[in-house]
Amino acid sequence: MSQIRFINPQALGKPPGYTHVVEITAPGRIVYIAGQLGIDREGKLGSDIRRQAVQAFENLKNALAAVGADFRHVVKFNNYLVDRAHLPIFREVRDSYLPANNRPASTTIAISGLAREGALIEIEAVAVLPAAARSKTVFKARHKGRTTRAARRPSRARPK
């Protein structure tokens with residue numbers, strides 16, 4: 001089982017809502033989630049930074065759920081804002097989705113624009129989960145029709 005340690009060294013200032021160092025020891029599954037905008041399933045963009053931030057975190061929540069994870073499993077965020085003035089609202093929304101302790105490492109960058117016109121925020125995440133147990137059913141389904149090397153080898157009669 002992978003172990004995750006969240007560390008804020010005393011030699012560094014206390015971070016606002018994130019952790020300076022996240023250490024992971026394997027085995028485990030690493031999940032990378034592409035940047036999520038404040039766009040709903042129908043492609044509608046939120047009308048302001050708060051709505052877009054909430055939708056981006058809802059999108060992340062759904063992406064995490066697809067692999068059996070939640071925000072407790074996130075170890076790293078990369079956040080992109082088109083205006084630094086949106087930082088307080090972003091932090092407020094982010095903090096409402098995260099557990100109070102063991103916050104992910106995080107980088108926030110102010111940029112001139114995003115790929116979608118009108119998008120104000122984009123958030124990507126990295127999560128770490130325990131290694132998945134490989135079931136015999138999954139293994140058999142993936143290897144259907146294959147035979148082992150020993151089974152393919154013709155039997156050789158031994159002289160008596």
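Trainee: Among contacts in the protein between residues at least 6 apart in sequence, what share joins residues at least 24 apart?

Mentor: A word first: this is a predicted model. Now your share. Among the contacts between residues at least 6 apart, 73% join residues at least 24 apart.

Trainee: How many helices and strands does the protein have?

Mentor: Four helices and six strands. Read along the sequence, they follow the pattern β-β-β-α-β-α-β-β-α-α.

Trainee: Which order do the strands of the open sheet take?

Mentor: The order is β3-β6-β4-β5, four strands with mixed pairing. Look at the edges next. β3 (29-37) and β5 (105-110) stand there, and each has a single partner strand, so one side of each lacks a neighbour in the sheet. On average, neighbouring strands of this sheet are turned by 10° against each other, direction ignored.

Trainee: How many bridges join β4 to β5, and are the strands parallel or antiparallel?

Mentor: Six bridges join them, and the two strands run parallel. β4 covers residues 74-81.

Trainee: Which strands does helix α1 lie across?

Mentor: Helix α1 (residues 49-65) lies across β3, β4 and β6 (121-129). Its direction is about 150° to that of β3.

Trainee: How do I read burial? Let me try one residue. Is N79 buried or exposed?

Mentor: Under 20% counts as buried, over 50% as exposed. N79 has 0%, so N79 is buried. This residue is found in strand β4. Leaving out residues up to four places away in sequence, N79 touches F90, S106, T107, T108, I109, E122 and I123.

Trainee: What percentage of the 160 residues is buried?

Mentor: Buried residues make up 31% of them. The protein exposes about 10,900 Å², and carbon and sulfur atoms supply 51% of that.

Trainee: Which residues of α2 are buried?

Mentor: In a helix, ask where the buried residues point. In α2, F90, V93, R94 and Y97 are buried. Seen down the helix axis, they fall within an arc of 100°, so they line one face of α2. P88 and S96 are exposed on the other side.

Trainee: What do the buried residues of α2 pack against?

Mentor: They pack against α1, β4, β5 and β6.

Trainee: Now charges. What is the general idea?

Mentor: Side chains of opposite charge can pair when their charged atoms come close. A search of this whole structure finds seven salt bridges.

Trainee: Which residue meets E23 in a salt bridge?

Mentor: R5 does, at 2.6 Å from N to O. Now check where the partners sit in the chain. E23 is in strand β2 (residues 21-25) and R5 in strand β1 (residues 3-7), 18 residues apart, so the pair links distant parts of the chain. E23 is partly exposed at 34% relative accessibility. R5 is partly exposed too, at 48%.

Trainee: Which residue forms a salt bridge with E92?

Mentor: R50, with the closest N and O atoms 3.0 Å apart. E92 lies in helix α2 (residues 87-97) and R50 in helix α1, so the pair ties together parts 42 residues apart in sequence. E92 counts as partly exposed at 47%. R50 counts as partly exposed at 34%.

Trainee: And D70: which residue is its salt-bridge partner?

Mentor: R72, and their closest N and O atoms are 2.7 Å apart. D70 is partly exposed, with a relative accessible area of 29%. R72 counts as exposed at 56%. Salt bridges can also share partners. Here, such bridges join R94, D95 and R103 into one network.

Trainee: One last feature, the backbone angle phi. What is the general rule?

Mentor: Most residues other than glycine have a negative phi. Against that rule, look at N102.

Trainee: What is the phi of N102, and where does N102 lie?

Mentor: N102 has a positive phi of about 55°, although it is not a glycine. N102 lies in the loop between α2 and β5. At 46% relative accessibility, N102 counts as partly exposed.

Definitions and conventions:
Residues numbered from 1 in each chain as written. Predicted model: local features only at pLDDT ≥ 70, side-chain atom pairs only at ≥ 80, totals over all residues. Heavy atoms only, no water. Pairing = 2+ DSSP bridges. Axes fitted to C-alpha atoms, helices over the stretch in contact; angles between N-to-C directions. Contact = heavy atoms within 4.5 Å. Salt bridge = Lys/Arg side-chain N within 4 Å of Asp/Glu carboxyl O. Buried < 20%, exposed > 50% of the residue type's maximum accessible area, 1.4 Å probe, protein only. Areas by Shrake-Rupley, 256 points an atom, 1.4 Å probe, with all protein chains shown as cover. Arc of directions from axis to C-beta.
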